[in-house]
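Work through these exercises with the model open. Try each task before reading its solution.

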Amino acid sequence: MPSKRPELNLSVQHAVRHEASPHRPQVLRWLRAAQEGAATVSVRFVDVDEGRALNRDYRHKDYATNVLSFVYDSEPVVGDLVVCVPVVLREAQEQGKAAAAHFAHLIVHGMLHLQGYDHETGARDARRMEARERDILDGLGYPDPYQ
């Protein structure tokens, strides 16, 4: 008997549109690949102004970053991911990566944060999170995001 996949309730919002922005089926696939238990997740794609305001207001860093994770509950996971489309596209170009691969990495990265992974709590935690990201992205057919 196959194991039942954990429930995932997903909302995708596009405050900004770009032809390279992922569609709901892609986002769902990436989140499911990183999902470890039941979750309710909203993913919002934003512009630089909204990304900067959120990063400034919640992390006290006055610049737009690629992805922000907001955890509201841990069991089951309830949270939001905010993806700044212009930053992701710029980074992908600067790093010579396909936009889809970079979006996939950041959605996976954010989902891991929602589930308690944290690369900012020490080298060991960073290695653990990066290894998990590599495994997930490899399973999705994407190259190592850290090379």
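**Exercise 1. Find the residues that join H1 to H4, then describe the packing.**

Step 1. List the partners. Val-27, Trp-30, Leu-31 and Ala-34 of H1 meet Ala-100, Phe-103, Ala-104, Ile-107, Val-108, Met-111 and Leu-112 of H4. Contact means heavy atoms within 4.5 Å. Helices (H or I, at least four residues) and strands (E, at least two) are DSSP runs, numbered from the N terminus.

Before going on, note the ground rules. This is a predicted model, where local features need pLDDT of at least 70 and side-chain atom pairs count only at pLDDT 80 or more, while totals for chains, interfaces and linings use all residues. Residues are numbered from 1 along each chain as its sequence is written, and side-chain values use heavy atoms, with hydrogens and water left out.

Step 2. Get the geometry. The axes of H1 (residues 24-34) and H4 come within 9 Å and cross at roughly 45°. Axes are lines fitted to C-alpha atoms, for helices over the stretch in contact, and angles run from 0 to 180 degrees between N-to-C directions.

Step 3. Name the arrangement. The angle therefore makes H1 oblique to H4. (Under 35 degrees counts as roughly parallel, over 145 as roughly antiparallel, 65 to 115 as roughly perpendicular and the rest as oblique.) The crossing is right-handed: the near helix is turned clockwise from the far one by less than a right angle.

Step 4. Sort by class. The contact of H1 with H4 has 11 nonpolar, no polar and no charged residues. (Ala, Val, Leu, Ile, Met, Phe, Trp, Tyr, Cys and Pro count as nonpolar; Asp, Glu, Lys and Arg as charged; the others, Gly among them, as polar.)

**Exercise 2. Characterise the largest pocket.**

Step 1. Its volume is about 460 Å³. (On a 1 Å grid over the protein atoms alone, a pocket is an open set of points where a 1.4 Å probe fits, with protein on both sides within 12 Å along at least five of seven lines; lining residues have an atom within 4 Å of a point.)

Step 2. Of the 23 lining residues, Val-67, His-109, His-113, His-119 and Glu-120 are closest to the centre.

Step 3. H4 gives the most to the lining, with 5 residues. By class, the lining has 8 nonpolar, 10 polar and 5 charged residues.

**Exercise 3. Which peptide bond is cis, and where does His-60 sit?**

Step 1. The bond from Glu-75 to Pro-76 is cis, with omega near -5°. Pro-76 is in the loop between E3 and E4 (77-84).

Step 2. His-60 sits in the loop between H2 and E3. His-60 has a positive phi of about 60°, although it is not a glycine.

Technical notes. Grid points are joined across faces, edges and corners, and a volume is the space filled by probe spheres set on the points.
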